[in-house]
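Please keep the sequence and the model side by side as you read.

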Amino acid sequence: PAFAEGDVEKGEKTFKKCKACHTIEDGEGNKIIKGGKTGPNLYGVIGRIAGSTDFKYKDGLTDAAAAEFVWTEEALAEYVKNPKDWLDAQGFTKKSSMTFKLKKGGEDVAAFLASVAPAPAAEAAAD
């Protein structure tokens, strides 16, 4: 399916709904968005293997990590609409800690998260 490109500015505004559970903090401890800690830090989530950070994930994202599923903007936009249904559709266990469903604006939030990721050159140098 074709996806509309997300709007970074709209995504930053929409992310306010997400920050109750999620923070965005870079590797040096700089808080880009101060948020909650009941969900994982979303810095660099686009392009990262799902469920691969230092966080206690439920079985669905643990399955995704084992399958080495990599988050894309499109996949994340679909996931936030209904996490459990998305996990089930991918063949992963239908268990997620994320109970919030973002009915609209997922593509914008994904674009925003992609915009606050580490630069590819910096990431390659770290590897």
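**Arg48 and its surroundings**

The Arg48 side chain comes to 3.3 Å from the backbone oxygen of Asn41, a polar contact (a pair of N or O atoms within 3.5 Å; within protein, one must be able to donate a hydrogen and the other to accept it, and residues adjacent in sequence count only if both atoms are side-chain atoms). This is a predicted model, in which local features need pLDDT of at least 70, side-chain atom pairs count only at pLDDT 80 or more, and totals for chains, interfaces and linings use all residues. Residues are numbered from 1 along each chain as its sequence is written, and side-chain values use heavy atoms, with hydrogens and water left out.

*Arg48*
- Arg48 lies in the loop between β2 (31-33) and α2 (59-66); helices (H or I, at least four residues) and strands (E, at least two) are DSSP runs, numbered from the N terminus.
- Arg48 counts as buried because its relative accessibility is 17%; buried means under 20% relative accessible area, exposed over 50%, and partly exposed in between (1.4 Å probe, protein chains only).

*Lys19*
- You will find Lys19 in the loop between α1 (8-14) and β1 (24-25).
- With 36% relative accessibility, Lys19 is partly exposed.
- Lys19 and Gly35 are 16 residues apart along the chain, and their C-alpha atoms are separated by 4.5 Å.

*The loop between α4 and α5*
- Thr99 sits in the loop between α4 and α5, and is exposed at 64% relative accessible area.
- Lys103 is placed in the loop between α4 (83-89) and α5 (106-115), and its 62% relative accessibility makes Lys103 exposed.
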